[in-house]
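Try each task before reading its solution.

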Amino acid sequence: MSQTIDVKNLSVSYSGKTAVKDVSFSLESGRLIGIIGPNGAGKSTLIKGMLGLEKRDSGEVSILGQELDSVRKEIAYIPQRADIDWDFPILVHNAVLLGRYPRLGLFKRPSAKDKEIAMEALEKVGMAEFAKNQIGQLSGGQQQRVFMARSLAQEADIFFLDEPFVGVDVQSEEIIINILKELRDQGKTIFVIHHDLTKLDEYFDDIILINKKLYGAGPVEEIVTPDLMEAAFKAPLTVLEDTGGQLS
Ligand code: ADP
Ligand code: MG
């Protein structure tokens, strides 16, 4: 069986305007993969196109040699916080329990075991004491941790997170990145759209660099080079390491 995630000629457009153009890459599974590029580069669209949440103009995605549709249960997706309706009334523990639904049989209610898995996930992200709170009452970092717990409860193999650290406190970021690294060490594959260019080598194994088209996909040290970064960000990149210059 193939141990790679393969994207071939993926293009996505909105009303005839191309947002992602002919992107192809093949990356090993079991890696923590950062997706970077300037604002509006098509990072979110790339993920949505891969997952079939936006219609593809063209392209094929195969996960460990299988069509995405046949492994959908194994995929956890955490959208950008800004894309979620936080006024929707739901208690924290129920939000996490939703992660179990792909695993339940049709019309089956969550069992005691499902509830236990959900609580364990909440404990793991340090949010157990908030189980009975409304999700809208939480801070940004706490909300992101709850969504992390939901995808842990799903027991997925492949994770997609869209800018999980935006509007999130330092402690929550640390908790989340440590969980992601632990998942990676267990052999899971994790895609993270990331904004901050300072911690790329600390956080990720591989980088996908895009700005509408693909500029590179591979090990951090091969992709985060002045040439490729400058080409993708269209701005000279001089002191990335010292200042951690945020380019977008
Ligand atoms: P990024 O996540 O890298 O900031 P996006 O994938 O969100 O970029 O957006 C890529 C381009 O597609 C941008 O020009 C954005 O304005 C446009 N776009 C994104 N979503 C939509 C949409 N639902 N309808 C129309 N245009 C969109
Ligand atoms: Mg985005």
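This is a predicted model: local features need pLDDT of at least 70, side-chain atom pairs count only at pLDDT 80 or more; totals for chains, interfaces and linings use all residues.

**Exercise 1. A charged side chain and its surroundings**

Is R100 buried or exposed?

- Step 1: The relative accessibility of R100 is 6%, so R100 counts as buried. The cut-off for that label is under 20%.
- Step 2: R100 belongs to the loop between helix 2 (92-97) and helix 3 (112-124).
- Step 3: The side chain of R100 makes a polar contact of 2.9 Å with the side chain of D114.

**Exercise 2. A buried glutamine**

Which backbone oxygen does the side chain of Q154 reach?

*Solution.* 

- Step 1: Look in the loop between helix 4 (140-153) and strand 7, where Q154 is found.
- Step 2: Check the accessibility: Q154 has a relative accessible area of 10% and is buried.
- Step 3: Follow the side chain of Q154 to the backbone oxygen of K73, at 3.1 Å.

**Exercise 3. Aromatic pairs**

How many aromatic pairs does the structure hold?

*Solution.* A pair of aromatic rings is described by the distance of the centres and the angle of the planes.

- Step 1: The count is 3 aromatic pairs.
- Step 2: For F160 and F191 the centre-to-centre distance is 4.8 Å and the angle between the planes is 5°, a stacked pair.
- Step 3: F160 is part of strand 7 (residues 158-162) and F191 of strand 8 (residues 189-193), so this pair ties together parts that are 31 residues apart in sequence. F160 and F191 are both buried.
- Step 4: The ring centres of F165 and Y203 are 5.7 Å apart with planes at 65°, so this pair is edge-to-face. The cut-off for edge-to-face is over 60 degrees.
- Step 5: Because F165 sits in the loop between strand 7 and helix 5 (170-185) and Y203 in helix 6 (residues 200-203), the pair ties together parts that are 38 residues apart in sequence. Both of these residues, F165 and Y203, are buried.
- Step 6: Ring pairs also bring in F204, giving a cluster of F165, Y203 and F204.

**Exercise 4. The shell around the ligand**

Which residues surround ligand 1? Describe their classes and the polar atoms that lie by the ligand's oxygen atoms.

*Solution.* 

- Step 1: The surrounding residues are Y14, A19, P38, N39, G40, A41, G42, K43, S44 and T45.
- Step 2: Sorted by class, this shell around ligand 1 has 4 nonpolar, 5 polar and 1 charged residues.
- Step 3: Helix 1 (residues 43-51) gives the largest share of the shell, 3 residues.
- Step 4: Now look at the atoms. From G40, a backbone N or O atom lies 2.8 Å from an oxygen atom of ligand 1. A polar backbone atom of K43 is 2.8 Å from an oxygen atom of the ligand. From S44, a polar side-chain atom lies 2.9 Å from an oxygen atom of ligand 1.
- Step 5: Alone, ligand 1 exposes 560 Å², and the protein buries 54% of that.

**Exercise 5. Positive phi angles**

Where do E163 and K212 lie?

*Solution.* Most residues other than glycine have a negative phi.

- Step 1: E163 is not a glycine, yet its phi is positive, about 45°. E163 lies in the loop between strand 7 and helix 5. With 10% relative accessibility, E163 counts as buried.
- Step 2: K212 is not a glycine either and has a positive phi of about 70°. The loop between strand 9 (206-211) and strand 10 (213-219) holds K212. Its relative accessible area is 38%, and K212 is partly exposed.
- Step 3: The charged end of K213 sits over the ring of Y215, 4.5 Å from the ring centre.

Technical notes: Residues are numbered from 1 along each chain as its sequence is written. Chains are lettered from A and ligands numbered from 1 in the order in which they are written. Side-chain values use heavy atoms; hydrogens and water are left out. Rings of Phe, Tyr and Trp (its six-membered ring) pair if their centres lie within 6.5 Å; planes under 30 degrees apart count as stacked, over 60 as edge-to-face and the rest as tilted. Helices (H or I, at least four residues) and strands (E, at least two) are DSSP runs, numbered from the N terminus. Buried means under 20% relative accessible area, exposed over 50%, partly exposed in between (1.4 Å probe, protein chains only). A charge sits over a ring if NZ of Lys or CZ of Arg is within 6 Å of the ring centre and within 35 degrees of the ring normal. A residue is near a molecule or strand if one of its heavy atoms lies within 4 Å of it. A polar contact is a pair of N or O atoms within 3.5 Å; within protein, one must be able to donate a hydrogen and the other to accept it, and residues adjacent in sequence count only if both atoms are side-chain atoms. Accessible areas come from the Shrake-Rupley method with a 1.4 Å probe; for residues, only the protein chains shown count as cover. Ala, Val, Leu, Ile, Met, Phe, Trp, Tyr, Cys and Pro count as nonpolar, Asp, Glu, Lys and Arg as charged, and the others, Gly among them, as polar.
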